[in-house]
Amino acid sequence: MRHVLVYPTWRCFLNCPYCNYFLQEDSLSMKYGGSGKIYKVEKELNSDELLSLLKSFNADLYEFTGGEPLRFNGIEQVLNNLPKWAITSNTLHSIEKIDFSNCLFWTASFHPHISDTGIDKFILNVKKIKRKGVTTAITLVAKPETVGKVLMWSDRFYQLDRFYQKGFGVNIHAYYEDPTFSWAKYPAEWNMLRKSPFLRYNERFFNLSGVKGSEKCYGGKDYFVIGPDGKVFRCVTDMLFHGRVLDKISDDFYNFKQNFY
């Protein structure tokens with residue numbers, strides 16, 4: 001399976017307190033707090049360019065994240081012309097022009113700090129996506145100071161899920177993206193969180209400095225990452241920590257890149 005993870009833009013503008021992606025003054029570039037490195041974007045690809053680049057991979061799955069992918073101008077054109085795709089989105093923007101026929105999965109990231117109007121829009125959009133028959137999950141990020149609110153909202157979404165029966169999953173992601181952060185400093189909050197049936201991931205993910213790479217890494221072979229400017233990386237770690245652009249994937253793709261750029 002060839003899997004392409006796409007970051008069409010770093011733009012989002014929600015200013016979430018737990019986000020470690022810091023948009024720069026040019027509204028294109030991003031500083032990643034986990035590494036302190038800036039991903040400098042001179043120009044984002046337009047929708048035609050991005051679609052052409054993605055199709056060159058002939059991938060089994062195109063997965064979109066960001067930034068907020070729905071902030072990318074022309075995202076509907078890109079999604080509607082791909083065979084199989086998935087997305088992680090704050091789900092606050094218009095979804096009316098999106099064709100969900102080839103959407104395998106929609107991850108709706110919920111942010112409790114947004115306005116009541118935003119919360120209503122989020123829930124409405126999630127219901128619309130569910131009615132399209134798309135497998136959907138709602139995710140929440142928990143920091144020590146937000147554990148109570150996150151647990152409250154996860155229970156609410158679970159009740160909504162039960163109301164709709166076969167609706168959507170609810171997942172809590174424990175914050176870990178700051179290298180100086182550790183849940184060990186917050187034992188009471190961590191004990192509350194770990195009791196939740198909605199908590200996901202193994203404990204090794206809860207402290208970034210303790211995460212080690214897999215011995216069976218397929219980055220650059222079956223898995224690729226694309227930045228907003230069309231740069232191709234072996235994996236997310238290469239993009240966020242090292243900036244190591246993948247110059248050659250295959251002969252066919254290399255020839256395409258020569259013509260594209």
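Which residue caps the N-terminal end of α1? I looked there and found N46, with a side-chain oxygen 3.1 Å from the backbone nitrogen of D48. I count a polar contact as a pair of N or O atoms within 3.5 Å; within protein, one must be able to donate a hydrogen and the other to accept it, and residues adjacent in sequence count only if both atoms are side-chain atoms.

Entry on the model. I am working with a predicted model, in which local features need pLDDT of at least 70, side-chain atom pairs count only at pLDDT 80 or more, and totals for chains, interfaces and linings use all residues. Residues are numbered from 1 along each chain as its sequence is written, and side-chain values use heavy atoms, with hydrogens and water left out.

Entry on the whole protein. I noted 7 helices and 11 strands, taken as DSSP runs numbered from the N terminus (helices H or I, at least four residues; strands E, at least two). The protein has 261 residues, and 45% of them count as buried (under 20% relative accessible area; exposed is over 50%, partly exposed in between; 1.4 Å probe, protein chains only). Contact means heavy atoms within 4.5 Å. Among contacts between residues at least 6 apart in sequence, 61% join residues at least 24 apart.

Entry on helix α1. I listed the buried residues of α1 (residues 47-55) as S47, L50, L51, L53 and L54. They lie on the same side of α1, because their arc around the axis is only 165 degrees; the arc is that of the directions from the helix axis to the C-beta atoms.

Entry on a sheet. I traced an open sheet of 3 strands in the order β2-β3-β4, paired antiparallel; two strands pair if DSSP finds at least two bridges between them. The edge strands β2 (21-23) and β4 (37-39) each pair on one side only. Neighbouring strands of this sheet are turned by 30 degrees against each other on average, direction ignored, with axes as lines fitted to C-alpha atoms and angles defined from 0 to 180 degrees between N-to-C directions. Strand β3 (residues 30-32) is joined to β4 by 3 bridges. M30 stands opposite Y39 in β4.

Entry on N20. I placed N20 in the loop between β1 (3-6) and β2. N20 counts as buried because its relative accessibility is 7%. Its side chain reaches the backbone oxygen of E177 at 3.0 Å. Leaving aside neighbours within four places in sequence, the contacts of N20 include K31 and Y32 as well as Y175 and D178.
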